[in-house]
Amino acid sequence: MLPHIGRLMTQNRPDFYLGTDIDGVQINAEQLNVRSRDLNSLIGTVTYTEALYHILRGRMPTTEEKQLFDMVLVAFHGGWGLLPPTTFVPRIVAGTGVSTAQAFAAGILASGPYHVGAIEQAMSFYQSIADAFRAKSVPNANAADLEQFAFDMTSKRLDAGETVGGFGHPLLRRDPRPLHMRRLLCELGANSVYFDIYDGVDRKSTRLNSS
């Protein structure tokens, strides 16, 4: 362990320590805390989706948030076939005779800004659009104004030779997941400025694909 990291880990903690920075200090050897909750109180009472959300946000999701989180997690299953690097690389590495764990690790290391990280890139772009729109302070702005603003910013980004991350698959001209998920969001009555931004980004992408 590096000395400076060791010092950080021992600050404000008792000599006998169980847990992590996420879990919080816990010196009861008979109890495991996760986000300040006793794990035993969660086992058998919450779903795996709820447990994941709890780790990420420090609280249980609302019914709507759980539905949305479930939707996204299921949509990630679309990386079928041999083409995605995170499934292709483990198959190649496994041919060298390594263990299954090592082959999986190789696949995880194949994650990058264009695969897996594309979703994070997309959200960073959406956040930049939201921030720029707020800074513009459009009088009496509405959802249509934000959608058009997102369309214009996407046009500038693509004209500059940059890409827009998100769902996609090399075997498909247009990935069917976003359209289906957007329809489900409407049926759920979900509302967010980021959906308006998505509509603007998607409108530009649709024109680009149809041209």
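1. Let's start with E147. Leaving aside residues up to four places away in sequence, E147 touches D196, D199, G200 and R203. The residue belongs to helix 8, which spans residues 143-159. With a relative accessible area of 16%, E147 is buried, because the cut-off for that word is under 20%. Keep in mind that this is a predicted model, so every contact mentioned here is a computed one.2. Now for the overall layout. The secondary structure of the chain comes to 10 helices and 2 strands. Of the 211 residues in the chain, 25% are buried. As for contacts, take the pairs at least 6 apart in sequence: 47% of these join residues at least 24 apart.

2. Helix 4 is worth a look for its geometry. This helix covers residues 63-75, 13 residues in total. From first C-alpha to last, helix 4 reaches 18 Å, close to the 18 Å expected at 1.5 Å a residue.

3. Which residues of helix 4 are buried? They are F69, M71 and A75. The three cover an arc of only 155° around the axis, which puts them on the same side of helix 4. On the other side of this helix, T63 and V74 are exposed. And what covers the buried residues of helix 4? The cover includes helix 3 (48-57) and helix 9 (177-188). If you colour the model by accessibility, that is the pattern to look for: F69, M71 and A75 buried, T63 and V74 exposed on the other side.

4. By class, the lining of the largest pocket splits into 27 nonpolar, 10 polar and 9 charged residues.

5. Where does that lining come from? At least two residues each are supplied by helix 3, helix 4, helix 7 (118-136), helix 9 and helix 10 (193-210). Helix 10 gives the largest share, with 8 residues.

6. Two backbone angles to check. V116 is not a glycine, yet its phi is positive, about 80°. This residue sits in the loop between helix 6 (100-109) and helix 7. V116 is exposed, with a relative accessible area of 52%. The other case is N140, also a residue other than glycine, with a positive phi near 55°. N140 is in the loop between helix 7 and helix 8. Its relative accessible area is 75%, which makes N140 exposed.

7. Staying with the loop between helix 6 and helix 7, Y114 is found there too. Is Y114 buried or exposed? It is exposed, at a relative accessible area of 72%. Y114 and V164 are 50 residues apart in sequence, while their C-alpha atoms are 9.7 Å apart in space.

8. Last, P84, in the loop between helix 4 and helix 5 (85-94). P84 is buried, its relative accessible area being 7%. In sequence, P84 and S111 are 27 residues apart. In space, C-alpha to C-alpha, P84 and S111 are 9.6 Å apart.

Technical notes: Residues numbered from 1 in each chain as written. Predicted model: local features only at pLDDT ≥ 70, side-chain atom pairs only at ≥ 80, totals over all residues. Heavy atoms only, no water. Helix = DSSP H or I, 4+ residues; strand = E, 2+ residues; numbered from the N terminus. Expected span 1.5 Å × (residues − 1). Buried < 20%, exposed > 50% of the residue type's maximum accessible area, 1.4 Å probe, protein only. Arc of directions from axis to C-beta. Contact = heavy atoms within 4.5 Å. Nonpolar A, V, L, I, M, F, W, Y, C, P; charged D, E, K, R; others polar.
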